[in-house]
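Grab your viewer and work through them before reading each solution.

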Amino acid sequence: MTADEWTDAFARELGLSAPSDDQVRAILELAGTAAHSSERTAAPVAAWLAGASGRALDELNEIAARLAGSEQDAAG
């Protein structure tokens with residue numbers, strides 16, 4: 001089963017529409033930011049928190065980028 005097939009099936013089970021290609025890119029950007037600026041396990045937890053928050057993906061990615069930037073500032 002491909003990632004798209006799995007996501008589509010999971011969305012159906014949840015009674016939701018599968019995310020668009022743009023939404024998938026934004027979700028992966030968020031997960032990537034979390035994984036690369038922290039421990040990798042932060043990525044799935046960040047994705048869960050993002051979904052629970054109900055906030056827009058653009059806003060969530062801005063928050064993640066800000067946090068990643070503050071981590072780099074502290075390290076540098």
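**Exercise 1.** Which residues lie nearest the centre of the second largest pocket, and how many residues line the pocket?

Solution. Keep in mind that this is a predicted model.
- Start with the lining: it has 17 residues, and Leu-30, Ala-34, Ala-46, Ala-64 and Leu-67 sit nearest the centre.
- Next, trace the elements: helix 2, helix 3 and helix 4 each give two or more residues to this lining. Helix 4 contributes the most, with six residues.
- Then sort by class: 11 are nonpolar, four polar and two charged.
- Finally, the space inside comes to about 320 Å³.

**Exercise 2.** Work out how much space the largest pocket holds and what lines it.

Solution. 
- The volume is about 800 Å³.
- Its lining counts 26 residues, with Thr-7, Pro-19, Gln-23, Val-24 and Ile-27 closest to the centre.
- Two or more lining residues come from each of helix 1 (3–14), helix 2 (21–37), helix 3 (42–53) and helix 4. Helix 1 has the largest share, eight residues.
- Split by class, you get 16 nonpolar, six polar and four charged residues.

**Exercise 3.** Is Asn-61 buried or exposed?

Solution. 
- First place the residue: Asn-61 belongs to helix 4, which covers residues 57–75.
- Now check accessibility: Asn-61 counts as buried because its relative accessibility is 9%, and the cut-off for buried is under 20%.
- Last, look at who touches it: beyond neighbours within four places in sequence, Asn-61 contacts Ala-26, Glu-29 and Leu-30.

Conventions:
Residues numbered from 1 in each chain as written. Predicted model: local features only at pLDDT ≥ 70, side-chain atom pairs only at ≥ 80, totals over all residues. Heavy atoms only, no water. Helix = DSSP H or I, 4+ residues; strand = E, 2+ residues; numbered from the N terminus. Buried < 20%, exposed > 50% of the residue type's maximum accessible area, 1.4 Å probe, protein only. Contact = heavy atoms within 4.5 Å. 1 Å grid on protein atoms, 1.4 Å probe; cavity = no way out; pocket = protein on both sides within 12 Å on 5 of 7 lines; lining within 4 Å. Points joined across faces, edges and corners; volume = space filled by probe spheres on them. Nonpolar A, V, L, I, M, F, W, Y, C, P; charged D, E, K, R; others polar.
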